[in-house]
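The structure comes first, then the packing.

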Amino acid sequence: MGTKTEDATGAKAATGAKDADQTEEVTGSDTSEAKTQAPKADVTKSGEPSDAAPGADTEVDEDAAEADDTYDATVRPAGSAGVGQGAAAVVSAALGVIGLSGGWLGTIAGARSNIMGQLETKQSASVSDQLQALYGDSWQATALIAGLFALAALVVGFLVLVRPAFGAPGKEQAPWIKSVAWAGVALGVIGLVLAVAKYSDLLLGLPSAPS
């Protein structure tokens with residue numbers, strides 16, 4: 001009786017050991033398969049897993065770059081550099097208008113020349129000399145000032161027109177700047193021609209005194 005009991009106990013122990021070995025093998029195989037099939041989580045520099053997708057950082061960087069380009073284009077418009085050129089073009093046109101009349105500076109210069117002629121001309125001087133001192137010199141002074149304004153308008157307008165050639169390549173000048181600059185150049189040329197003609201008595205010259 002004791003022998004059968006011991007044999008039965010040994011058989012049960014052997015059966016339990018086999019079952020435990022099989023359980024461990026199944027558990028180990030399942031664990032290895034789970035490790036193999038489980039996706040690797042993205043780990044950041046701090047050691048924590050990252051929830052972002054692999055291409056999320058690239059997309060964010062591209063969006064940020066596009067936003068920066070849009071911001072730069074908004075803050076720094078292409079025409080910001082043309083503000084000075086536009087102002088210079090307007091100044092050129094204004095100088096050309098002044099060059100046609102001489103402006104208040106030409107009027108003062110003519111009046112001063114007239115006063116100087118009255119003070120320096122003797123009563124015994126001939127009529128032609130008196131006319132030249134009182135009127136001819138003052139007209140020439142006015143023409144000289146007008147010619148200077150016209151020349152300034154011509155130079156400023158010309159510089160505005162040639163400015164894009166020395167600036168950034170591919171940057172076109174605004175059409176209205178070209179138009180105003182050309183107007184300044186045209187007025188400058190007309191004023192300069194009239195000033196030279198008046199100064200040399202080719203236009204509205206001093207009348208000759210009767211003999």
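## Helix packing around α3

In this predicted model, helix α3 (residues 82-101) and helix α6 (residues 175-199) have axes that come within 8 Å and cross at roughly 25 degrees. Angles under 35 degrees count as roughly parallel, so α3 is roughly parallel to α6. The crossing of α3 past α6 is left-handed. On the α3 side, the contact includes G82, Q85, G86, A89, V90, S92 and A93. On the α6 side, W176, I177, V180, A181, G184 and V185 are among the residues involved. By class, this contact has 13 nonpolar, nine polar and no charged residues.

α3 also meets α5. Their axes come within 7 Å and cross at roughly 155 degrees. The two helices are therefore roughly antiparallel. This crossing, too, is left-handed. From α3, the contact takes in Q85, A88, A89, S92, L95, G96, I98, G99 and S101. From α5 come T142, A146, F149, A150, A152, A153, V156, G157 and V160. These residues divide into eleven nonpolar, seven polar and no charged.

| Pair | Axes come within | Crossing angle |
|---|---|---|
| α3 and α6 | 8 Å | roughly 25 degrees |
| α3 and α5 | 7 Å | roughly 155 degrees |

What of α5 itself? Helix α5 (residues 127-162) has 36 residues. From first C-alpha to last, α5 reaches 51 Å, close to the 52 Å expected at 1.5 Å a residue. Where does α5 bend by about 40 degrees? The bend lies at A133.

Definitions and conventions. Residues are numbered from 1 along each chain as its sequence is written. This is a predicted model: local features need pLDDT of at least 70, side-chain atom pairs count only at pLDDT 80 or more; totals for chains, interfaces and linings use all residues. Side-chain values use heavy atoms; hydrogens and water are left out. Helices (H or I, at least four residues) and strands (E, at least two) are DSSP runs, numbered from the N terminus. The expected span of a helix is 1.5 Å times one less than its number of residues. The bend at a residue is the angle between axes fitted to the seven residues ending there and the seven starting there. Axes are lines fitted to C-alpha atoms, for helices over the stretch in contact, and angles run from 0 to 180 degrees between N-to-C directions. Angles under 35 degrees count as roughly parallel, over 145 as roughly antiparallel, 65 to 115 as roughly perpendicular and the rest as oblique. A crossing is left-handed if the near helix is turned anticlockwise from the far one by less than a right angle, and right-handed if clockwise. Contact means heavy atoms within 4.5 Å. Ala, Val, Leu, Ile, Met, Phe, Trp, Tyr, Cys and Pro count as nonpolar, Asp, Glu, Lys and Arg as charged, and the others, Gly among them, as polar.
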